[in-house]
Amino acid sequence: MVTQAEFRDLALSFPESQQSGHFDVMDFRVARKIFATLREADSRAVLKLSPDEQQLLMQTAPGMFEPVKGAWGLKGWTRVLLDRADAPTVRHAMAMAWKSVAPKKLW
């Protein structure tokens, strides 16, 4: 299980990551682009992945990830099931999300 606090700490551990928010959702950005979100009210955590990365995670870590419903999920946005996830797997997935928006000079 990954707690909300652990998810937040993981997101902020990446270079130049910042916490922001919109509506009732906490978001995590690098270079002003969102790579992860967390809605505290229902522990809904989401990562910005490519569709291929999403499929890979669903195959290699079954039960920890699922596509967001609708068009966002088809684009790769992926829900992290925090109550089923472990920190190393979430960190690996979050690194993919961070890299998807971070300037290459930060890698």
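Analyst: Ala, Val, Leu, Ile, Met, Phe, Trp, Tyr, Cys and Pro count here as nonpolar, Asp, Glu, Lys and Arg as charged, and the others, Gly among them, as polar. The model is predicted. By those classes, six nonpolar residues, two polar ones and one charged one make up the lining of the largest pocket. The residues concerned are H22, V25, I34, T37, R44, V46, V68, W72 and W77. Two elements, strand 3 (33–39) and strand 4 (44–48), each give two or more residues to this lining. The volume of the largest pocket comes to about 190 Å³.

Six strands form an open sheet in the order 1-2-3-4-6-5, and their pairing is antiparallel. Strand 1 (18–22) and strand 5 (65–67) are the edge strands; each has a single partner strand, so one side of each has no neighbour in the sheet. From one strand to the next, the twist averages 30 degrees.

E66 has R79 in strand 6 as its bridge partner. Helix 2 (residues 51–60) packs on the sheet and touches both strand 5 and strand 6. The direction of helix 2 makes about 140 degrees with that of strand 5.

Terms used: Residues numbered from 1 in each chain as written. Predicted model: local features only at pLDDT ≥ 70, side-chain atom pairs only at ≥ 80, totals over all residues. Heavy atoms only, no water. 1 Å grid on protein atoms, 1.4 Å probe; cavity = no way out; pocket = protein on both sides within 12 Å on 5 of 7 lines; lining within 4 Å. Points joined across faces, edges and corners; volume = space filled by probe spheres on them. Helix = DSSP H or I, 4+ residues; strand = E, 2+ residues; numbered from the N terminus. Pairing = 2+ DSSP bridges. Axes fitted to C-alpha atoms, helices over the stretch in contact; angles between N-to-C directions. Contact = heavy atoms within 4.5 Å.
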